[in-house]
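Here are my notes on this structure, written for a first reading. Keep the model open beside you as you go through the points.

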Amino acid sequence: MDYLGDLQAFLPGIITAVAGLAVITIEALKSGHKSAYWVTSFSLIVALFFGIQSLGTPLQEAFSGMLVHGGIAAFGNVIILLGTLFCVFLSNDYLESIDHNYNEVYGMILFATSGMICLAGANDLISLFLGLETMSICLYVMAGLIKNEKQGAEGALKYFLLGAFSTGFLLYGAALLYGATGTTSIPGIGAAASSDLLFLAGAALLLIGFLFKVSAVPFHMWTPDVYQATPTTLTAYMATASKAATFMAMILVLSRALPSVEGLDWQAVLSVVAIITMIFGNIIALVQDNIKRMLAYSSIAHAGYALVGLSAATPEGYSAVAFYLFAYTIMNVGAFGVVAYYERNKGLDFSDVNNLAGLGFKKPMMGVMMSLFLFSLAGIPPFVGFVGKYYVFAAAINANMVPLAIVGVLASAASVYYYLRVMVYLYFREAHKETEMIDPSFLYKGALVILALLTVYYGIEPILPFGGLMELITGF
Amino acid sequence: METLLNITIYLPLLGIPLILLSKNENMKKWSALLVTSATFLISLPLMFNFDVVNSGAAQYLTEGGRISSTLDIKYLVGLDGLSLLLFMLTTFMGPIVIISSWNSVAKHLSGYLAMLLLLQTASLGVFASLDLLVFYVFFELSLIPMYFLIGIWGGSDRIRATLKFFIYTLVGSLIMLVGLIYVGYDAGSVMSGVNFTLDWRFLSSDIYQIGLVEQTYLFLAFALAFCIKVPLFPFHTWLPYAHTEAPTAGSVVLAAIMLKMGTYGLIRVCLPLFPNAFMEFAPYMATLAVIGIIYGALVAMVQKDVKKLVAYSSVSHLGFVVLGIFALNTVAVQGAIIQMVNHGLSTGALFLIVGMIYDRRHTRMIKDFGGIAKKMPIFTVMFMIATLASIGLPGLNGFVGEFLILNGSFFSELYDNKVFAILAASGVILAAVYMLWMFQRVMFGPLENEENKKLVDLNAREIGLLVPLVIFMFWIGIHPVNFTKYSENQVTELIITSKEKSLAVLETSKTEDLPEWANSFYGVDEETESESLMVSTK
């Protein structure tokens with residue numbers, strides 16, 4: 001056994017898990033000490049460094065086939081760690097200003113990240129479940145962070161109950177698949193796939209479990225409440241990193257464990273789910289006045305776009321989804337980051353879009369960045385969101401799913417309205433009353449600027465003359 | 001020269017930091033003016049060195065690397081006969097637009113200038129790009145600055161206007177995106193070594209042919225996007241609204257440049273890619289164009305607001321352009337191209353003039369004016385010239401374009417019906433009615449309103465920005481060949497190759513099993529029609 005190789009394969013996960021233990025220890029010895037935050041940031045940067053290093057390597061198995069690393073899994077790790085890192089940067093100031101800057105939060109983030117890395121590289125239903133639960137339990141805790149308010153408790157409880165319920169589905173599905181094939185290894189299941197009822201039912205239940213986690217319609221009910229109740233920067237974390245990890249696991253499972261077997265037409269199922277998710281998410285988002293709820297519904301819609309790529313079921317489609325998750329992560333963390341900045345100001349409830357009136361000119365930099373992230377989320381070129389959508393729809397069209405792509409672009413045309421609406425308030429309306437706006441710290445501003453630069457850079461990268469990100473997404 | 005083209009496109013964008021860093025308002029304005037003037041001057045050699053004989057071949061090409069070995073998506077810009085004039089019009093309007101808003105921006109000057117410069121880069125990019133995906137990116141990018149220009153610096157109902165403008169145009173272009181991706185994969189399967197390409201040079205060549213059924217759907221998808229942008233009746237409803245609410249500079253750019261992206265797209269993309277559908281849909285498109293000409297004119301006639309009147313006249317004028325494009329003979333298409341420039345000049349000038357009077361009186365209602373010719377003689381002369389150019393008086397630019405279009409449409413085999421040209425010609429008469437009537441009510445008659453007695457004539461800045469426009473109105477009107485020569489060869493070639501390509505597609509279709517509607521719509525079995533087309537191309 002190549003123990004060292006195994007450890008190396010899971011290095012980002014190990015780093016985050018160890019750092020999580022360190023943070024908990026720090027908190028136990030010296031409650032509220034700032035070093036926990038620095039340990040978290042540093043460990044994430046190191047993990048990200050190793051993650052980036054393994055980009056472009058072929059997909060390999062490790063831990064006796066429990067995990068895979070390299071290839072698409074490496075890309076998944078990079079997305080997860082990137083999202084987590086920026087959320088941590090933003091969280092420090094934000095949690096400070098809402099008086100919830102507990103060190104335990106960072107511990108939870110690190111453990112959850114470790115779980116996500118396990119999930120995004122799962123090669124066995126056991127490790128998949130392990131990763132998923134590690135991630136989910138930490139997220140339940142975060143959802144209930146604001147425990148004094150009714151909303152927080154409601155959100156956390158809702159998330160926990162429904163999450164546990166969906167885990168039941170997933171586990172039941174895994175059990176049936178094991179019963180049908182006699183193995184829990186993902187490639188093993190793929191090899192032994194048959195069209196008997198046990199296998200089909202297992203696959204269906206597994207899919208339901210996944211669709212719950214990515215909040216696809218009709219399994220989305222928890223999303224708006226949970227997102228609204230959770231502290232904003234942690235919402236960003238939930239909405240991006242955890243979704244990215246789950247989608248990555250879906251790619252691995254769909255491409256390797258569920259080949260096209262007679263009677264198992266998950267492509268059709270996913271495309272129907274994609275259509276209703278895109279339409280439903282965008283239409284409900286149109287009428288939201290609370291930005292966090294609006295972004296919650298928009299994240300439902302974005303899961304729909306990613307499902308379009310998945311339902312194409314081609315290597316091209318899977319790489320499109322991977323790129324889309326990257327795009328979605330940077331622009332969504334950015335958007336939530338700016339919203340968190342507005343919320344930090346006292347006096348008005350700045351998560352209500354009406355109260356944003358006139359703020360665009362008051363803090364020009366924040367306003368410009370918000371517009372940039374929103375245009376990107378809306379899929380307007382030349383921002384990364386457009387490139388992501390382009391790849392996803394291109395994959396669908398190339399897989400002869402033109403109607404699906406048309407529904408997708410029309411849904412995204414409708415979505416433009418609610419993204420533009422935020423800018424209407426920021427720029428086109430006069431402020432109601434004078435409010436003092438705080439100056440964000442250098443780190444906070446810097447993190448958002450980097451996200452904004454990434455959003456623009458990867459929007460024009462495809463036409464730049466040197467090799468692109470897309471080439472690094474290989475191996476399924 | 002290649003570098004020069006790229007500098008021209010991106011110089012306005014690079015000017016934005018200059019404006020943001022400038023300390024006071026004057027410096028901001030001067031630096032914006034400097035940047036746009038430099039852009040215009042740098043673009044001049046592109047026109048002088050343009051190889052007129054080979055206008056069909058793209059010149060000053062810059063070709064970037066492919067996105068990956070199998071996806072032929074790349075940065076590709078160049079100018080040819082179709083784009084050169086519009087490209088030059090865009091650089092020419094740049095400084096004029098900046099000067100026009102010298103004293104009329106009340107708030108957030110840096111943002112305003114930055115948006116105008118961004119719009120300049122986006123528009124130049126649209127006309128220069130020859131990879132259709134790059135074209136699409138610039139096409140969409142141009143929406144963002146215009147959204148803010150109308151939304152922040154617009155009139156009282158600006159929010160609804162800008163949202164309508166943005167979403168309306170976006171819906172069209174997103175459908176086009178689906179079509180674009182489809183074409184990309186379809187063309188990639190023909191091109192060797194790749195599986196996706198949107199290189200216009202390949203798509204427009206006769207190697208790449210699209211089947212009749214696909215052509216129909218794709219043509220409709222693309223035409224929808226472009227017709228919304230033009231805007232062709234019945235997709236025009238966003239335009240008067242956006243024009244009325246936009247600030248003067250926004251209206252000028254919208255009318256002079258952004259609307260041309262639609263008509264330009266029809267010639268650039270729809271004709272060479274979908275020649276059969278283009279030709280079969282021509283009578284229907286011409287019908288919409290003629291309805292637009294007459295409807296726009298009639299609605300313009302009853303407007304009480306001068307700016308709205310000019311906006312509806314745009315609907316009418318662009319109807320002429322579309323009519324010319326779909327007539328598909330050299331005369332008419334040449335007329336359409338020169339008419340795009342003419343409309344940019346004359347309608348641009350009219351919007352500037354309306355802006356000038358609005359700056360003085362803060363009203364645009366016709367009833368508030370009357371007799372101001374006595375107070376503002378220079379203004380009257382300028383206004384008169386722009387009005388007559390817009391109407392199409394011989395000797396001024398509008399006449400050249402309209403004459404060529406009507407002449408070409410009259411003899412067009414595609415329309416096969418002289419009614420289109422005859423009805424469209426009535427649009428010229430109606431134009432005279434609404435423009436001259438408006439002019440008479442605003443400028444002549446008794447000077448009764450006390451406010452109007454205090455009006456002062458144009459200052460040097462305002463004269464200075466109108467004079468270049470007037471010069472070109474006369475120049476194009478008197479000696480159009482200086483301008484039409486750039487596109488002539490390419491238009492002739494393009495029409496011949498498109499017609500040949502359509503025949504080749506028809507020939508292939510005979511062996512294929514097409515649905516019934518396609519057979520009858522395209523007349524696949526009718527031998528005679530294709531023969532007569534063959535004769536007419538020679």
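1. Confidence comes first. In chain A, helix α1 (residues 3-9) has the lowest mean pLDDT of the elements, at 85. Helix α5 (residues 103-120) of chain A has the highest, at 94. This is a predicted model. Chain A as a whole has a mean pLDDT of 89, and 98% of its residues reach 70 or more.

2. Next, the domains. Chain A is split into domain 1 (1-260) and domain 2 (265-476). Their centres, taken over C-alpha atoms, lie 21 Å apart. Across the boundary, 44 residues of domain 1 are in contact with 45 residues of domain 2. On the domain 1 side, α4 (71-97), α9 (197-213), α10 (222-229) and α11 of chain A each give two or more residues. That side consists of 28 nonpolar, 14 polar and two charged residues.

3. Look at one residue of α11 in chain A. A:Leu252 sits in this helix, which covers residues 232-256. Is A:Leu252 buried or exposed? A:Leu252 is buried, because 26 other C-beta atoms lie within 10 Å; the cut-off for buried is 20 or more. Leaving aside residues up to four places away in sequence, A:Leu252 touches A:Ala122 and A:Ile186. A:Asp352 is 100 residues from A:Leu252 in sequence, and 39 Å from A:Leu252 in space, C-alpha to C-alpha.

4. Now a helix pair. Two packed helices are described by the angle between their axes and the distance between the axes. For α14 (residues 315-344) and α16 (residues 364-378) of chain A, the angle is about 145° and the axes are 9 Å apart. The crossing of α14(A) and α16(A) is left-handed. From α14(A), the residues that meet α16(A) include A:Met331, A:Val338 and A:Tyr341. Among their partners in α16(A) are A:Met366, A:Phe373 and A:Leu377. The contact has 10 nonpolar, three polar and no charged residues.

5. Two loop residues of chain A deserve a check. A:Ser64 is in the loop between β1 (60-62) and β2 (67-69) of chain A. A:Ser215 is in the loop between α9 and α10 of chain A. Their surroundings can be compared by counting C-beta atoms within 10 Å. A:Ser64 has 11 others, so A:Ser64 is exposed. A:Ser215 has 28, so A:Ser215 is buried.

6. Check the cis peptide bonds too. One joins A:Val217 and A:Pro218, with omega about 5°. A:Pro218 is in the loop between α9 and α10 of chain A. Another runs from B:Phe233 to B:Pro234, with omega near 0°. B:Pro234 is in the loop between α9 (212-229) and α10 (238-245) of chain B.

7. Turn to the contact between the chains. Chain B gives 30 residues and chain A gives 27. In chain B, α5 (132-141), α6 (143-153) and α7 (158-190) each supply at least two residues. Which helix gives the largest share of the chain B side? That is α7(B), with 14 residues. The chain B side has 22 nonpolar, five polar and three charged residues.

8. Finally, α5(B). This helix is mostly covered, with 10 of its 10 residues buried. Among the buried residues are B:Phe135, B:Tyr136 and B:Glu140. The cover includes β3 (76-79), α4 (109-128), α6 and α7 of chain B.

How values were computed: Residues numbered from 1 in each chain as written. Chains lettered and ligands numbered in written order. Predicted model: local features only at pLDDT ≥ 70, side-chain atom pairs only at ≥ 80, totals over all residues. Helix = DSSP H or I, 4+ residues; strand = E, 2+ residues; numbered from the N terminus. Buried ≥ 20, exposed ≤ 12 C-beta atoms within 10 Å, placed from the backbone. Contact = placed C-beta atoms within 7 Å. Axes fitted to C-alpha atoms, helices over the stretch in contact; angles between N-to-C directions. Left-handed = near helix turned anticlockwise from the far one by under 90°. Nonpolar A, V, L, I, M, F, W, Y, C, P; charged D, E, K, R; others polar. Domains from an automatic or database assignment. pLDDT = per-residue confidence, 0-100.
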